[in-house]
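I opened this structure for the first time today. These are my notes, in the order I looked things up.

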Amino acid sequence: MGATRVLHVIDRLDYGNGVCMVVMNYMRQLDPEKWVFDIVVQHPPKDKALYDEVIARGGQIFTIGKPGLWDLGTFLRQWDQLFAQYPYPIVHGHLPVTAVFYLGTARKNKVPVRIIHSHGTRGGIGFLKGIRNTLVTRPIPLYATHFIACSLPAGQYLFGNHIAHHRMLLLPNAIDCDRFHFDAVARQQIRTLHHAKDALVIGHVARLSPEKNQGFLLDVFHTVCQTQNAFLWVMGDGPERSALESKAKDLGISERVLFLGVRSDLEQILPGCDAFCLPSFYEAMPLSVLEAQACGLPCVTSVSVPAQADVTGTMTRLSLQAGLSVWADALVNAARQRDPQAISSQFIQSPMNIRHTADMLTHFYTRQLPADG
């Protein structure tokens, strides 16, 4: 009997996409002789390394773009053709906005296990967008057979309280601790490379987009710079990058803010930081905060980051209404009191180590398969 193929539905293959990296992390942990991930993306893969990795493990990658009002029929036919060609036993969807379409088509094509996985606690910034997303996600329980969420609030947001408490698998985003851990050699190398050997370095990893609130982050960092020799390392890219670079220049901190772009080597950069900051307007279970703790960093975040993300007891959650000086002081104090080796060791021993959650996922898949699957 060959490997079981699971079809994952995500937005894109991109190191800067958190959901993509969750799927990739699990793919790397599962035995390729037993489980193979095929992936549908909405945007053609741009990162050849991730593409090659999926292919090397026996997977396939398909591109089916976002449906428009005038080409919904074409969109549905593409899904019909895919399911006709490949009779998947499991579809694992990570895109709630289009889930009624691809899970509905999967149901029509008799795919027995149809999973929807919630990674967020909000449908997007903007009143009209939020209303639209609420309307198109409400019928999801009619088409999904199983429900997964990275946190209870994420499940409650997408599925409602009853499903979240009685029918949902809580599968926390987890970290490959063989890759992400405190590395004193990497710390010295990256700080030397960026001329920050004796400086306070604040790290930030996220898509550069409005919901991540990086404008506020720059204001906080500007306050930090009033009393500290400090650097801010920003890892990620997105539509706000140009505006953020301009704001850093206007604040007079452009030489202190390094926009490092989307990185595939975060495990080599994060140990070089002294603290991590994520002031998002909303989050479910941010992978970046977990990676930071795994690498030994104390974190200062907005209260939108769930308390469950504080795996090591070193995370400070603050209101966005707190003053800039409150945020700045919290970052400086966290950096001064850090014990990176202890933080990293504690994280490695926690349930957020992907070795534990990968077993949860494979057991879940196996239980749902038909008896002859």
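**Entry 1: R187 and its partners.** I began with the side chains of R187 and D274, which are joined by a polar contact of 2.8 Å. I kept in mind that this is a predicted model. A polar atom of the R187 side chain also lies 3.1 Å from the backbone oxygen of P271. I then asked where R187 sits, and found it in helix α8, residues 184-193. Is R187 buried or exposed? Its relative accessible area is 15%, so R187 is buried, the cut-off being under 20%. I listed its contacts beyond four places in sequence: F182, P271, G272, C273, D274 and R338.

**Entry 2: G272.** One name on that list, G272, got its own look. I found G272 in the loop between α11 (266-269) and β11 (275-278). Its relative accessible area is 0%, so G272 is buried. Which residues touch G272, leaving aside those within four places in sequence? I noted R187, I190, R191, V201 and W233. I also checked a distance along the chain. G272 and G252 are 20 residues apart in sequence, and their C-alpha atoms are 24 Å apart in space.

**Entry 3: helix α9.** Next I looked up which residues of α9 (214-224) are buried. They are Q214, F216, L217, L218, V220, F221 and V224. I recalled a rule for helices. An α-helix has 3.6 residues a turn, so residues three or four places apart point the same way. What covers the buried residues of α9? I found that the cover includes the strands β8 (200-205), β9 (230-235), β10 (257-261) and β11. The helices α10 and α13 (324-337) are also part of the cover.

**Entry 4: K249.** Helix α10 spans residues 241-250, and K249 lies in it. I found K249 exposed, with a relative accessible area of 63%. K249 and R114 are 135 residues apart in sequence and 49 Å apart in space, C-alpha to C-alpha.

**Entry 5: two loop residues compared.** I placed T98 in the loop between β4 (90-93) and α4 (99-108). I placed K46 in the loop between β2 (35-41) and α2 (48-56). K46 has 80%, so it counts as exposed. Beyond four places in sequence, T98 touches Q42, P67 and F75. For K46 I noted a distance instead. K46 and Q29 are 17 residues apart in sequence, with 23 Å between their C-alpha atoms.

**Entry 6: positive phi angles.** I searched the backbone next. Most residues other than glycine have a negative phi. K110 is not a glycine, yet its phi is positive, at about 60°. I found K110 in the loop between α4 and β5 (113-118). At 70% relative accessibility, K110 counts as exposed. H195 is also not a glycine, and its phi is positive too, at about 55°. Where is H195? It is in the loop between α8 and β8. H195 has 68% relative accessibility and counts as exposed.

**Entry 7: the whole chain.** I finished by stepping back. How many helices and strands does the protein chain have? I counted 15 helices and 13 strands. The radius of gyration is 21 Å, close to the 21 Å that the globule rule gives for 373 residues, so the chain is as compact as a globular protein of that length. I noted the span of the C-alpha trace along its principal axes as about 65 × 45 × 40 Å. Of the 373 residues, 53% are buried.

I looked at contacts between residues at least 6 apart in sequence. Of these, 69% join residues at least 24 apart. The chain has 34 positive and 31 negative side chains. The centres of these two sets lie 6 Å apart.

Terms used:
Residues are numbered from 1 along each chain as its sequence is written. Side-chain values use heavy atoms; hydrogens and water are left out. Helices (H or I, at least four residues) and strands (E, at least two) are DSSP runs, numbered from the N terminus. Contact means heavy atoms within 4.5 Å. Buried means under 20% relative accessible area, exposed over 50%, partly exposed in between (1.4 Å probe, protein chains only). The radius of gyration is taken over C-alpha atoms; the globule rule is 2.2 Å times the number of residues to the power 0.38. Lys and Arg count as positive and Asp and Glu as negative; His and the chain ends are not counted. The place of a charge is taken as NZ of Lys, CZ of Arg, CG of Asp or CD of Glu. A polar contact is a pair of N or O atoms within 3.5 Å; within protein, one must be able to donate a hydrogen and the other to accept it, and residues adjacent in sequence count only if both atoms are side-chain atoms.
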